[in-house]
Amino acid sequence: MVKPKPNSYMPLNSSQSSEKDVVSTHKDDHDSRRLLKHRLELVEDLWQTVLRSECPPEQAERLLRLKQLSDPIGFDGPDSNSTSVAIILLIREMDLAEAISAARAFSLYFQLVNILEQRIEEDGYLESISQSKEDGTSGHFDPFAPPLASQTDPATFRELFDRLRSLNVPPVQLEKLLQELDIRLVFTAHPTEIVRHTVRHKQRRVASLLKQLQSDSSTAEKESLRLQLEEEIRLWWRTDELHQFKPSVLDEVDYALHYFQQVLFDAMPQLRRRINTALAASYPDVQIPQAAFCTFGSWVGSDRDGNPSVTPEITWRTACYQRQLMLERYIRSVQDLRDQLSISMQWSQVSAPLLESLEMDRLRFPEVYEERAARYRLEPYRLKVSYIIERLRLTHLRNQQLAEAGWQTPPEAISSSANPSSVGESLHYGSVAEFRSDLELIRNSLVSTNLSCEPLDTLLTQVHIFAFSLASLDIRQESTRHSDALDELTRFLDLPKAYGDMDESERVNWLMEELQTRRPLIPSAVGWSPGTSQTVSVFRMLHRLQEEFGSRICRTYVISMSHSVSDLLEVLLLAKEAGLVDPTARTADLLVVPLFETVEDLQHAPAVMEQLFEASIYRDLLPPIGENLQPLQELMLGYSDSNKDSGFLSSNWEIHQAQIALQDLACRHGVALRLFHGRGGSVGRGGGPAYQAILAQPSGTLQGRIKITEQGEVLASKYSLPELALYNLETVTTAVLQNSLVTNQLDATPSWNQLMTRLAAHSREHYRALVHDNPDLVAFFQEVTPIEEISKLQISSRPARRKSGAKDLSSLRAIPWVFGWTQSRFLLPSWFGVGTALFVEVEADADQLDLLRRLHQRWPFFRMLISKVEMTLSKVDLDLAHHYVSSLGNPENRDAFNRIFEIIATEYSLTKRLILEITGHSRLLGADPALQLSVDLRNRTIVPLGFLQVALLRRLRDQNRQPPMSEALETNGDNGRTYSRSELLRGALLTINGIAAGMRNTG
């Protein structure tokens, strides 16, 4: 391995920044800086007032002194060493109760600052929308703007369409893309989601009061709002930040769906109106996209990979709960429609189809007719809506019965007043299409008489987007679960060769044969092992789910750790046995999606898919889409495990290369490709600004189709406020449009690709030498990060490790892996290995530095890589990280741990120096003042939490090394007080909460 020359370690004092999208709409950086400082004064004043009112006077003054010591002076860092010593001395004076108060105080401070920054971001987006409306679109194109391929600033619909028109993009080209636009955002339950549901409510309340306070209002109103804010924050202070119990899967479902209820259900029609308005201004003749151009999926309640709590019954109940929420929303909306549609037949015509439907409804619902006919004798719309409400009520009733009965109860065993009517048909809505048809019948009648109804149009948009299912559930399971089930099955059937004994070619041949036969393979009434029984039950539940709710509720099956052709065919065979695949008709009600996660799997993915595309039985089972009925293949690319496996740079390059190869393969075989990006919240797991990430995708790979995970930890930062949600949705859409329209050959430049391949190889080699080959790294990670304490947080139904009891790196999930490094301020997975790779290139040829600078200027992919590394480096604090090592490391490992730390410190110094040379800046984030401002704001303020965490972890671990006692006591030698393990653990967990709030990310 090529080693760089040693560099002196010069740690940065700058630390925190947000990894979420920063709205760059404030053109004047000075004004933005002044605005933040002005609003920060209010937040800090409120924070200090609450501490003085809620804490004893001496404690409050110590906490304020701690904050003063850690404050950046004029947004420039104070002297690091003297400040750290003063902070440590102050912390040593605290007893546990005061340490816990300090952790809570700083956690509260950072959460208030997060709310403040979200408000500024929301205001910036609203300002850009308002400015666009005032300016119009004609004559405002900037001739000095960068080419479309190099544009990286997020754009609104109006800005993008205006620019496309100025660049003479043909309307027919844009219209074709818009009609094929397919954006899917998939919500996941994050295993390290920190903030309680209750606290999220408090945060929204504070955000609302801040918004009111910053609006034009009288002095008396401002004083009243100020008092309300203080009261709300005091209530927040007295609320427990930690979960009282480990959340169940259904608790996580409720948490994720909260954003739909509070924000997204109403935001999506606004998104559609905004794209329609922008199109009308720039491309008036272009047909608007379908209402459901952006839809949602969910893994919450259906992702069973490594989570034994997600059973078939849980997935069934999740689907019923989602349906319940939608039906309740629709009932309220339709009731509002009945109030509004007071049109009388005396003053308006009514279409014949609507009148005919009323006669049919009279026969089906005689009770409703008897109750409402006299009142609505001349108001046909209200009468029709009354029938719709009754059908929705009966659908809701049946949904309750389905939830209570469970998936194994046959349909005929569920008695309901919704079945059947006197005319021989079900009275409840059997599908969302029936409900939509009734609404369209009303709208068509209104349009025929020159009337419109915006609430009705809004409701129809919501029905198109959310249907009855709200979000489509993706099933996910690890590949070996299917092969293990088939091995048990073939051994029971006593086949000449058991499935587990076959090689890959034998497996593929056997699976292909079984797929094409109509003979059942799985015998009934056999007592399978729990694992096999669960695997088979998932497919049977899925068939029952589609039978009752339609295929939209759950049609995708993701296979994690996909390695080979047989991994996909196994799922298809099990699906066939459950009735989801018809071998005779060659149709499937299930879309099988391989998830390629490791670097090796990404490299082998094209060969795996080519073998499948060449098999007619497989191709025929792909669903047709578009006018040409092209077969659709969805493929998922894993960022987390490939990063953990090979490091940041290697992972990103292999994913980039795999996308190009897979798209070329799909084109050759006439297959439409939808790439599913498994992005996490942090850079180490594929996170970062979504707009730039989408633009950095290889040219020609999107074609208007993309699917992206939205991790639980970023849901609040993206979807807690309406305008933030709209900003995220609008910029994701414009990024997909922009990437799909731009065709360039930058990704195909041979010399650039060769350079990236070398960089990836050197980076991977250096990363793996430390992470996988160094025998002391696992012990280092376990001792100097709070990984074991993180696993004790009551924040997820999912275990932190894939295998209980295992302590090796392979068993640890990628999310807690990133979380641990983040808490201890190393953030190693997001940058380690990049500096060495760059150094090797520049050391071999000094001219390569100019090439790297040119790539940074011209190539979106490389620019995205460098900007992510730069952002992460700005959050690293090796001074504090060294404190973790020296204080928490076992003395027996001191020499080994110091060597590991020096390797990390050297790589950090090298990476920072070369990143600055490539970007041409004297300071990290020099090109992004808004993000740099966020870094500076949090620069040293988070440091006391780190010192507090180390002190509490050290006490806790010292106590854990004592003889095992459930509540062994530790005596504080300074004051004679004793603390239980549970009290110390609680203090440590509160610091984890606070640091996560300060860093604005967990894993």
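The side chains of Arg544 and Glu548 form a salt bridge, with 3.4 Å from N to O; the term stands for a side-chain nitrogen of Lys or Arg within 4 Å of a carboxyl oxygen of Asp or Glu. Both residues belong to helix 18 (residues 530-549) and sit four residues apart, about one turn of the helix. Helices (H or I, at least four residues) and strands (E, at least two) are DSSP runs, numbered from the N terminus. Arg544 counts as buried at 6% relative accessibility, and Glu548 is buried at 12%. Buried means under 20% relative accessible area, exposed over 50%, and partly exposed in between (1.4 Å probe, protein chains only).

## Basis of the model

The model is predicted: local features need pLDDT of at least 70, side-chain atom pairs count only at pLDDT 80 or more, and totals for chains, interfaces and linings use all residues. Residues are numbered from 1 along each chain as its sequence is written, and side-chain values use heavy atoms, leaving out hydrogens and water.

Lys384 and Asp361 form a salt bridge at 2.8 Å, N to O. Lys384 lies in helix 13 (residues 380-405) and Asp361 in helix 11 (residues 352-364), 23 residues apart.

## The whole protein

The protein has 38 helices and 13 strands. Of its 1003 residues, 61% count as buried. The whole structure holds 55 salt bridges.
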